[in-house]
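Let's take a walk through this protein together.

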Amino acid sequence: MDQQVTVVDHPLVQHKLTLMREKDTSTASFRQLLREISLLLAYEVTRGLDLTTKRIETPLCEMDAPILEGKKLALISILRAGNGLLDGILELIPAARVGFVGLYRDPETLQPVQYYCKVPAELEDRMVIVVDPMLATGNSSAAAVQLMKDKGAKNIRFLCLLAAPEGIARMRAAHPDVPIVTASIDSHLNDHGYIVPGLGDAGDRMFGTK
């Protein structure tokens, strides 16, 4: 939709996403697929991490080799479904700092209501990646990003599995400086604020609840 939105169209990402969309996919399989796909999405969202060099000795010679620079990045999970993406990314970046934002969507107004926020210190010196499987109305995501900005974060990215055009528009209006990385931009939202065709409620499918 614009240069601030990246759709990861890698064949493995799209294959795993199709399996997740199927209504008969079990809770265990859904959870495993989400973990696997998050590793692939994390490759794209971390593309801009700063590098420096370090003098090392290989078995053959010395060299100046690239290594990550600066403070450890911060992963911020929007509870509860964000934890499904978080677990996979932590396998790739185990040293990342982790924070949690608790938001639920009021079923009548579709507006976010905050009930928890605990994030790492010194966000202003870290790349901050906010994760939530679904960018639907965009209200909760925009609220979570604003919380990070209020706590000093300057380099923020948003990672989701699926996005609706309405959610992207909401995020673009509220935070045009925040890149979005997703596996798919779906058609639209239904009257209940769910992404269509989507995959249902990511949290319910991940945890086996309704």
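What follows goes from the whole chain down to single residues.

First, some ground rules: this is a predicted model, where local features need pLDDT of at least 70, side-chain atom pairs count only at pLDDT 80 or more, and totals for chains, interfaces and linings use all residues. Residues are numbered from 1 along each chain as its sequence is written, and side-chain values use heavy atoms, with hydrogens and water left out.

Let's begin with the overall picture. The protein has six helices and 14 strands; these are DSSP runs numbered from the N terminus, with helices being H or I of at least four residues and strands being E of at least two. Along the principal axes, its C-alpha atoms fill a box of roughly 60 × 35 × 30 Å. Of the 210 residues, 44% count as buried, meaning under 20% relative accessible area, while exposed is over 50% and partly exposed lies in between (1.4 Å probe, protein chains only). Among contacts (heavy atoms within 4.5 Å) between residues at least 6 apart in sequence, 64% join residues at least 24 apart.

Now go inside, to helix 3 at residues 82-92, where G82, G84, L85, L86, G88 and I89 are buried. What do these buried residues of helix 3 pack against? Their partners are helix 2 (27-45), helix 6 (202-207), and strands 4 (74-79), 5 (97-105), 7 (127-131) and 9 (155-159). In the loop between strand 4 and helix 3 you'll find R80, and the peptide bond joining L79 to R80 is cis, with omega about 0 degrees. Another cis bond runs from V196 to P197, with omega near 0 degrees; P197 sits in the loop between strand 14 (195-196) and helix 6.

Next, look at two buried polar side chains. S184, in strand 12 (residues 184-185), counts as buried because its relative accessible area is 12%. Its side chain makes polar contacts with the side chains of R21 at 3.2 Å and D186 at 2.8 Å. (A polar contact is a pair of N or O atoms within 3.5 Å; within protein, one must be able to donate a hydrogen and the other to accept it, and residues adjacent in sequence count only if both atoms are side-chain atoms.) Leaving aside neighbours within four places in sequence, the residues in contact with S184 include V7, L17 and L161. H175 lies in the loop between helix 5 (165-174) and strand 11 (180-182). With a relative accessible area of 1%, H175 is buried too, and its side chain reaches the backbone oxygen of A142 at 2.9 Å. Beyond four places in sequence, H175 is in contact with A142, V145, Q146 and K149.

Y116 belongs to strand 6 (residues 112-118) and counts as partly exposed because its relative accessibility is 39%. E122, in the loop between strand 6 and strand 7, has a positive phi of about 55 degrees although it is not a glycine. At 38% relative accessible area, E122 is partly exposed.
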